[in-house]
Amino acid sequence: MTILTFTLILLAGAYLAGLVGSLTGLGGGVVVIPLLTLVFHVDIRYAIGAALLASIATSSGAASAYVKEGITNIRLGMFLEIATTIGAVLGAVIAVYTPTNAIAILFGVILLFSASMTIRKKNQEALTTGSKASLKLKLNNSYPTRDGEVSYQLKNVGVGFSIMTLAGVLSGLLGIGSGALKVLAMDSTMHIPFKVSTTTSNFMIGVTAAASAVVYLQRGYMDAGIAFPVILGVLGGAFTGSKLLTRLDPKVLKYIFCVAISFVAVEMIYNGYNHQF
Amino acid sequence: MKNMASKKILADQDIEWLIGLQLRFGVVIASLIVLIGGLVYLTQSGTSAIPHYHSFIGTKAGLTTLGEIFKGVYTINAKGIIELGVVALIATPILRVAFSLVGFIIEKDKMYICITITVLAVMMVSIFGGSKI
């Protein structure tokens, strides 16, 4: 295969990965890793490098729109970024000492978890009385809805912060945004309304990924020949996805994709178990 | 007092607007650099066979430090240009944190100035911790 053919096929694949990632809410980076390793037989380390870049690109692109709408809680994001960036740097350091097969298995497990998280019941209720810590850290805020501004408060700040550290470690170790864990920490633990937790999680993914991306760049995980089609393809797919989302409610599509992703996850675990990486 | 409050809200929205703009520009600029580098890469070596991506060679491929990348761009090395785009992409969210810091300084929010500096410090440890730039 020539470089031109490889680039074009990968570009198309990355576009689909970005589209699926955006429609399911899993993020483009997560879908890129199995695409590169299972389909193109690329070493998982190059796949992780490319996926991190895809995560930064899609999250920054989407965040620019959400921030302007005033849904993102910037203070909350900044506070939790302490946890995720420390975790991400730790994760990138641990990655050197972790066998690639173990990383593949862990990736599969997290992918299964993420897919199941996207079809769970979402927290729509705004909490009216938050904890002392949330008040002290100025984390309580309001966000615009169809019925006007809705104020919300939050609780379990410490537990949320701890889950965020774990999300950061996994992000650094696996090269993914760990959006599912981030939403779990904010949505289920800190009781933040769904809309705020998804946009704030997305806002944080770029910074979390950048923290470990620097380490990976210096270690040669980011190959130019792979990064080029992956960044442009995923970005294009995510853009198309966001346009589609405003016009249709992809509930059925989401279920189909989540089942497909689960099969991919099992394949990753199976191959990792058989030392295929 | 009322005047001060409205001024504060204005600053808050300005910063959010600025962050949104900076994120968008960062991604667009990075993608353009990657696209230019990619086109040069395809014209130069599009017909060659693909490298052995199934084995990882890490830093032996070069272009893992800013010095090497700038040198690559200067000599119109296609991969060097792509990696410059990669650096621009990674810099985008880091720059966003720096912008937020400016916002919190304008608002005189001491607690969040400290929190933002902590995040920036972690990023710096990550950048310089490998003792390679």
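I take helices (H or I, at least four residues) and strands (E, at least two) as DSSP runs, numbered from the N terminus. The model is predicted, so I kept local features at pLDDT of at least 70 and side-chain atom pairs at pLDDT 80 or more, while totals for chains, interfaces and linings use all residues. Residues are numbered from 1 along each chain as its sequence is written, chains are lettered from A and ligands numbered from 1 in the order in which they are written, and side-chain values use heavy atoms, without hydrogens and water.

Backbone. I found B:Ile76 in the loop between α2 (66–74) and α3 (78–106) of chain B. Phi of B:Ile76 is near 50°, positive although the residue is not glycine. B:Ile76 is exposed at 54% relative accessible area; I call buried under 20%, exposed over 50% and partly exposed in between (1.4 Å probe, protein chains only). A:Lys138, also not glycine, has a positive phi near 55°. A:Lys138 sits in the loop between α6 (132–136) and β1 (141–145) of chain A, and is partly exposed at 38%.

Salt bridges. I count a side-chain nitrogen of Lys or Arg within 4 Å of a carboxyl oxygen of Asp or Glu. Over all chains there are five. A:Arg75 pairs with B:Asp109 at 2.7 Å between the closest N and O atoms. This pair runs from helix α4 (residues 74–96) of chain A to the loop between α3 and α4 (110–128) of chain B. A:Glu81 and B:Arg96 form a salt bridge at 2.7 Å, N to O. A:Glu81 is in helix α4 of chain A and B:Arg96 in helix α3 of chain B, so this pair joins two chains. Both A:Glu81 and B:Arg96 are buried. Shared partners link A:Arg75, A:Lys138, B:Glu107 and B:Asp109 into one salt-bridge network.
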